Amino acid sequence: MGAEQSVGAHLALGDDEFLRARSSADLIAAARTADPSIEVQEISASGSDPGHLADMLGLSLFAQSRLVLIDGAQEATKDFAEAVAQAVESRDHDLLLVLTHNGGARNKALIERVKRAGATIHDCAKLTRHEDRLRFIRREAERAGGSISAAATAAILDAVGNDLRELSAATGQLVFDAGGQIDVEDVARYYRGRAEITGFSVAERALVGDLPAALEALRWALDQGVAAVLIADALADGVRTAARVVSVGRGDPYDLARTLGLPPWKVKRAQQQARGWRVTALHQALQIVAKVNADVKGVAASADYALESAVRHLISAKDGGPV
Amino acid sequence: MSVWTDVVGQTEAVDVLAEAAHDPASMTHAWLFTGPPGSGRSVAARAFAAALQCEQGGCGQCRACHTTLAGTHADVTVVAPEGLSFGVNDTRELVRTGSRKASGGRWQIVIIEDADRLTERAANALLKAIEEPPPRGVFLLCAPSLHPDDVPITIRSRCRAVSLTTPSPAAIAEVLVRRDGIDPAMAAWASSAAQGHVGRARHLARDESARLTRKAVLDIPASLTSLAACLAAADELILSAEEEAKSRSAVLDSAETQDWQLAYGAGGQGPGLGRGGARGAAGAMKELERRQKSRATRLNRDALDRSLVDLAGCYRDVLVVRARAADAQLAHPDRRADTARLAGSLEPGAALTRLEAVLACREALELNVKPRVALEAMTSRLRLPNS
Ligand SMILES: [Zn+2]
């Protein structure tokens with residue numbers, strides 16, 4: 001990072017709090033790499049007045065270079081916003097100014113002035129599209145010094161959900177665990193031991209008909225403190241997916257993926273889990289998962305017992321036994 | 001033309017209410033209106049409020065009558081809790097309203113449209129006011145008759161009860177034509193298809209997409225010939241409820257958001273806001289969004305429930321047809337041919353277990369079972385024999 005980049009202004013702008021925090025952390029890290037002696041100060045715009053800023057800008061006697069992070073510019077009072085705008089426009093300080101703003105209507109005029117003054121804008125808008133989230137995961141893997149296959153990217157998103165903070169943490173951890181290159185097997189292995197996914201492993205084992213393994217997974221999940229409701233949901237999801245796969249008949253996973261609106265790797269997994277399930281058994285299974293869904297919401301005295309009996313009934317239904 | 005004209009098909013209740021309005025000396029300060037969904041509980045309560053405020057006991061012409069019916073009378077407060085539950089703070093506020101001196105009207109009236117949605121603590125706050133009513137205060141509570149237990153016994157026992165009945169199709173058709181200007185043929189069809197629900201009849205008469213949704217729902221029983229069809233039917237029910245809730249929310253939300261902008265200015269930075277005004281606007285916006293979200297959830301549930309009521313009607317009609325009960329009223333008289341065909345493949349016992357499956361699904365939804373899970377279990381149980 002050259003000297004010209006250690007002066008100037010940056011604006012992390014958008015409604016995603018994680019991306020704003022990430023942007024400012026990156027800028028601070030880059031500035032520290034460029035100049036390990038840089039002095040970094042952070043203030044929150046809410047509750048600050050122009051005096052605070054003047055104090056910070058005035059402390060330039062000893063430090064070689066400085067970075068001032070002003071967080072949450074949307075919360076700034078009118079006076080403080082004015083002071084910030086002037087600081088950005090004047091450019092006569094030997095400092096790097098980093099602002100964050102949530103992109104909302106408040107203090108929009110400040111954004112415009114900062115833009116006009118030539119600040120670098122970092123887009124921190126919430127990711128709403130599936131592809132954007134996939135790209136985010138890929139970049140997180142690269143950021144952690146690794147790489148990731150397309151199937152693994154989809155698998156992480158599927159397992160973790162849309163929360164960027166969790167996606168970032170999971171991807172970073174996986175790069176570390178897998179030693180750089182993440183494949184879909186790494187994701188599966190990693191999530192087998194994680195709370196968010198243990199409900200799915202209970203469902204998976206129940207669907208393939210392995211009673212001892214399913215009960216073990218269930219006890220383990222409950223011991224880990226996984227909410228009974230989540231496990232019941234996972235059972236329902238598993239049965240539904242198997243029912244959908246069976247109901248459309250055999251076929252190429254890629255064709256089925258399109259018909260069912262599921263990623264191909266999930267279809268493949270569901271096809272494995274659906275093996276041996278007859279249509280009548282699936283009808284019974286739909287009743288079992290609906291009952292346990294009500295049971296864990298207070299109908300049954302013991303949610304743990306209700307889950308265990310649902311697992312037993314599912315396997316019995318698959319084997320054509322009484323449910 | 002009196003305030004009672006739009007209280008559809010409720011002769012007995014109207015007699016009681018009209019008499020009470022004429023004899024203020026023996027006034028009861030708390031009333032509980034119950035009746036099946038769509039029977040017009042809140043319409044009856046508003047009409048009664050107008051009759052109380054009117055010098056002539058509900059002429060339907062004077063200012064008091066008009067403003068009460070239009071919801072703008074200064075001494076009539078109508079509360080329709082949009083949240084799933086009505087909190088204690090809201091109720092305290094209401095109790096204060098009820099004890100305020102009437103500003104010009106004869107009574108200070110508070111109408112609570114969904115008294116069954118009061119939380120326990122809120123009900124206790126209300127109970128105090130009902131036990132020692134302010135001299136000119138009148139509380140009119142409305143609740144569905146399906147679950148009278150939803151209104152605590154302590155409150156119920158202090159209220160005079162008015163129970164409404166399911167209005168006849170003829171009475172509904174009459175009001176659709178007269179009040180809403182709906183074509184008589186359409187009014188006759190909609191009122192016969194609405195299972196005694198006045199608002200539903202109006203919605204069916206006016207809204208093409210509501211008619212299409214109803215048709216799609218009523219086509220479900222005969223379509224359930226495979227596992228795939230069962231899953232598709234559950235999808236269809238969920239999707240159409242979501243769409244209906246979304247379109248109704250959009251209309252209500254945009255009106256409210258406009259009101260918010262009038263109050264606070266666009267972006268919450270309108271003129272006349274003092275220091276901290278923007279913060280107040282943001283707070284009000286947040287509160288509004290919270291209410292809108294919880295209303296959207298409720299609209300979705302209501303739409304789903306309506307589809308289930310329609311579906312239950314199909315199986316009930318099969319039972320009626322199989323019993324050859326000639327004079328029994330069909331839930332879906334316009335679908336007689338479809339019902340006859342369905343009755344061909346469903347024995348009475350089979351129709352009954354399917355009716356039970358629909359009712360069990362409604363109960364499951366009340367227990368907060370995930371809609372998709374409850375509906376898939378239901379459509380699976382509804383599949384046709386030998387499929
Ligand atoms: Zn009048």
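Analyst: Strand 3 of chain B, residues 108–112, is mostly covered, with five of its five residues buried. Buried takes 20 or more other C-beta atoms within 10 Å of a residue's own, placed from the backbone; exposed is 12 or fewer, partly exposed in between. Helices (H or I, at least four residues) and strands (E, at least two) are DSSP runs, numbered from the N terminus. This is a predicted model: local features need pLDDT of at least 70, side-chain atom pairs 80 or more, while totals for chains, interfaces and linings use all residues. Residues count from 1 along each chain as written, with chains lettered from A and ligands numbered from 1 in written order.

User: Which residues point which way from strand 3 of chain B?

Analyst: B:Ile109 and B:Ile111 point one way; B:Gln108, B:Val110 and B:Ile112 point the other. In a regular strand, side chains alternate between the two faces of the sheet.

User: What pairs with strand 3 of chain B?

Analyst: Strand 2 of chain B (residues 76–79) does, in the parallel sense, over four bridges. Pairing needs at least two DSSP bridges between the strands. B:Val78 stands opposite B:Ile111. Strand 4 of chain B (137–144) also runs parallel to strand 3, joined by five bridges.

User: New topic. How many residues does the contact take from chain A and chain B?

Analyst: 21 from chain A and 16 from chain B. Contact means C-beta atoms, placed from the backbone, within 7 Å.

User: Which helix of chain A gives the most?

Analyst: Helix 14 of chain A, with eleven residues.

How values were computed:
Two residues are in contact if their C-beta atoms, placed from the backbone, lie within 7 Å.
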